[in-house]
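Let's take a walk through this fold together, one piece at a time. Keep the picture open while you read.

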Amino acid sequence: SHTILMNLACQFTFAIPQAIFELYLWRDGTKRGIASFNEMCFIPDYYFMPFYESAYNYHINCELYPGSWNHNWFPFLSTCDGQYYLINCSNDNICSYNHIDSKILIVYDNLYDMLSSVVVKFNSGIYHLNDCHELVE
């Protein structure tokens, strides 16, 4: 609910961008336990983490990678091996982050642009389910 999400969001030293807040109000991450990892992807290879899991990943990354993890980054999509799509809460850019080389790439200007691109990719068949029911590009 809105109140629970607001209480969870208060733990951060930055404001959670309104677009991410609204995304979590729409759905609190990918439901688990009903599908394999590949069947629950939001985009190929990435699942939408519930808010509590995003918050946990944020805190763990701040602790484990203080030299490479920016305290304004909020992860919301993840692979099973620690790659993220995150929002830079200081400017709303959507970035991809890889722990292996600490590489950060700005992928979209904002969440709206990202979700618009996802819709186009689904509608055009770029994102589709293969014979094993895995979301692929």
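In the hairpin that strand 4 and strand 5 make, 4 residues sit between the strands, and S102 there takes a positive phi near 55°. Strands here are DSSP runs of E with at least two residues, helices are runs of H or I with at least four, and both are numbered from the N terminus. Before we go on, note that this is a predicted model: local features need pLDDT of at least 70, side-chain atom pairs count only at pLDDT 80 or more, and totals for chains, interfaces and linings use all residues. Residues are numbered from 1 along each chain as its sequence is written, and side-chain values use heavy atoms, with hydrogens and water left out.

Strand 4 covers residues 94-98 and is joined to strand 5 by 5 bridges, the two running antiparallel.

What about the loop between strand 4 and strand 5? H99 has its place there. H99 is buried, with a relative accessible area of 17%; buried means under 20%, exposed means over 50%, and partly exposed is in between, using a 1.4 Å probe and protein chains only. Leaving aside residues up to four places away in sequence, H99 touches N61, Y65, G82 and Y84, where contact means heavy atoms within 4.5 Å. With N61, the H99 side chain also makes a side-chain polar contact of 2.7 Å. That term stands for a pair of N or O atoms within 3.5 Å; within protein, one must be able to donate a hydrogen and the other to accept it, and residues adjacent in sequence count only if both atoms are side-chain atoms.

Is strand 4 itself enclosed or open? 5 of its 5 residues are buried, so strand 4 is largely enclosed by the rest of the structure. I94, S96 and N98 point one way, while C95 and Y97 point the other way.

On to strand 3, which pairs with strand 4 in the antiparallel sense over 5 bridges. Here I87 stands opposite I94. These two strands also form a hairpin, with 5 residues between them, and D92 in the turn has a positive phi of about 70°.

Finally, step back: 5 strands form an open sheet in the order 1-2-3-4-5, with antiparallel pairing. Strand 1 (47-48) and strand 5 (103-108) are the edges, each pairing on one side only.

Notes: Two strands pair if DSSP finds at least two bridges between them.
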